[in-house]
Amino acid sequence: MKMKHSLGTVTVAALGLASLPALAQAQEGPVWDVYGQLNFGVLSVDDGEDTNTTFIDNDNSNSRVGLTMTQALQNGSELRLTFEAGLGLTGSSAINGDDDSLDFDYHRTELRKLDLTYRTPNAGIFSFGQGSTSTDGSAEADFSGTGVAAYVGISDIAGSQQLRFADGTLSTATIGGTNSSFDGSRRFRVRYDTPVFNGFSASVSYGQEVLSSGDDNDYTDVGTRYVQDYGDYSVDARLGYSFRDTGNDLVMGSAAVLHQPTGLNLAVSAGRRVAGDADYAYIKAGITRDYIAAGSTSFSVDYYDGNDFVVAGSSTSSVGVAVVQRLDAYNTELYATHRTYDFDDPSASYQDLDVTFVGARWKF
């Protein structure tokens with residue numbers, strides 16, 4: 001919902017931004033927008049020996065609330081302040097069989113965005129604060145419409161689950177440790193995004209992790225993106241590189257294509273830890289059609305293949321299927337997904353782990 005409140009003419013000096021010559025006087029008061037989502041479901045995990053079922057928040061896209069204040073400026077620029085935070089509810093990637101309850105336990109890491117952006121008509125976008133780095137989303141080009149249920153971040157619905165050895169005993173290997181998309185994150189950073197030119201854009205960011213302890217890295221991220229339509233086809237291609245002062249750099253990229261008349265779509269993603277051997281490749285095929293009047297229906301199937309996670313010589317694979325039904329009148333998506341995880345290393349054999357998740361996301 002949007003609430004417009006007139007505060008009269010706001011000058012650059014009043015905003016404390018007089019040092020930026022491009023900022024002109026605001027034409028009228030700011031526009032406030034409150035938004036968010038609730039995203040819950042029933043998750044069932046079968047590790048080969050035990051099956052646990054629980055009602056939980058969906059970490060593919062967790063429940064959250066946000067507030068934006070947008071101030072239009074006379075020169076066509078825009079100033080926006082964004083606050084966004086998760087609700088602090090136990091997520092699907094946190095449960096592990098020993099603790100499967102949906103609890104409220106708010107930590108400062110629930111803060112997703114506290115970000116000030118200055119958007120110009122010709123010079124790009126300048127951002128400061130907690131928010132997306134330039135590689136956030138670089139691995140996630142996807143037209144499938146099933147991202148709430150299944151996407152390249154395959155560990156988000158079961159990251160803390162421990163794999164069992166072939167003899168039935170629990171190992172220390174977790175789903176979250178045996179794979180990665182190497183996609184960027186949100187951090188306290190400064191960021192610049194270029195204007196879009198013939199579908200091309202680029203960004204660079206520099207920041208640090210300030211919400212959790214034990215991470216003293218400096219993160220410099222560079223991202224590029226190309227988005228364009230070619231007749232009936234839509235194309236989205238992305239590439240990112242994350243520099244870490246520890247030398248553990250990451251590179252990742254993705255591309256997706258959609259055939260608009262049929263709804264058929266394909267997405268691919270790949271990434272590598274530059275200083276090590278860990279790498280992965282991911283492919284996803286889907287279709288979106290209007291089978292019912294209530295909203296579109298999306299189906300997808302995907303496959304993940306990774307190498308050298310946890311120990312050298314290991315292999316990871318995962319197959320997932322998903323369906324999402326949109327209910328446009330209620331801003332709601334109903335979804336179901338099933339995923340199987342397989343992991344092997346040179347010294348041990350592990351049982352497969354199967355996850356089924358059925359849920360709904362409501363946006364406001």
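How many helices and how many strands does the chain have? The legends below begin with that point and then turn to individual sites.

**Figure 1. Overall view of the predicted model.** The structure shown is a predicted model. The chain has zero helices and 21 strands. Its radius of gyration is 22 Å, close to the 21 Å that the globule rule gives for 364 residues, so the chain is as compact as a globular protein of that length. Along the principal axes, the C-alpha atoms fill a box of roughly 70 × 55 × 45 Å. Of the 364 residues, 45% are buried. Among contacts with a separation of 6 or more, 59% join residues 24 or more positions apart. The chain exposes about 17100 Å², and carbon and sulfur atoms supply 56% of this area.

**Figure 2. The largest nonpolar core.** In soluble globular proteins, nonpolar side chains tend to be buried together. The largest nonpolar core of this chain holds 34 residues, and the members that touch the most others are Leu-43, Leu-163, Phe-182, Tyr-280, Tyr-341, Leu-353 and Val-355. At least two residues of this core come from each of strand S2 (31-46), S14, strand S16 (279-292), strand S18 (315-327), strand S19 (332-345) and strand S21 (353-363).

**Figure 3. The surroundings of Val-355.** Residues up to four places away in sequence are not counted in this view. Val-355 touches Leu-43, Ser-44 and Val-45, and its contacts also include Ile-157 and Ala-158. Thr-337, His-338, Arg-339 and Tyr-341 are likewise touched by Val-355. Two of these partners, Leu-43 and Tyr-341, are listed with Val-355 among the core residues that touch the most other members.

Figure 4. Ser-254 is found in strand S14, which spans residues 250-259. Its relative accessibility is 6%, below the 20% limit, and Ser-254 therefore counts as buried. The side chain of Ser-254 reaches two backbone nitrogens: that of Glu-140 at 3.4 Å and that of Ala-141 at 3.1 Å. Leaving aside neighbours within four places in sequence, Ser-254 is in contact with Ser-138, Ala-139, Glu-140 and Ala-141, as well as with Asp-236, Ala-237, Arg-238, Val-268 and Ser-269.

**Figure 5. Two loop residues with positive phi.** Asn-198 lies in the loop between strand S10 (186-193) and strand S11 (200-208). Its phi is near 50 degrees, a positive value in a residue other than glycine. With 54% relative accessibility, Asn-198 counts as exposed. Asp-308 is placed in the loop between strand S17 (295-307) and S18. The phi of Asp-308 is near 65 degrees, also positive in a residue other than glycine. Asp-308 counts as partly exposed, at 25% relative accessibility.

**Figure 6. Aromatic ring pairs.** The count comes to 14 aromatic pairs. In one of them, the rings of Tyr-241 and Phe-243 have their centres 4.4 Å apart and their planes at 45 degrees, so the pair is tilted. Both residues count as partly exposed, Tyr-241 at 25% relative accessibility and Phe-243 at 39%. The rings of Tyr-291 and Phe-299 have their centres 6.3 Å apart and their planes at 70 degrees, so this pair is edge-to-face. Phe-299 is partly exposed, with a relative accessible area of 37%. Ring pairs also link Phe-182, Tyr-280, Tyr-304 and Phe-309 into a cluster.

Note on methods
Residues numbered from 1 in each chain as written. Predicted model: local features only at pLDDT ≥ 70, side-chain atom pairs only at ≥ 80, totals over all residues. Heavy atoms only, no water. Helix = DSSP H or I, 4+ residues; strand = E, 2+ residues; numbered from the N terminus. Buried < 20%, exposed > 50% of the residue type's maximum accessible area, 1.4 Å probe, protein only. Polar contact = N/O pair within 3.5 Å; in protein donor to acceptor, adjacent residues only side chain to side chain. Contact = heavy atoms within 4.5 Å. Core = buried A, V, L, I, M, F, W, Y, C linked by side-chain atoms within 4.5 Å. Rg over C-alpha atoms; globule rule 2.2 N^0.38 Å. Areas by Shrake-Rupley, 256 points an atom, 1.4 Å probe, with all protein chains shown as cover. Phe/Tyr/Trp six-rings, centres within 6.5 Å; stacked < 30°, edge-to-face > 60°.
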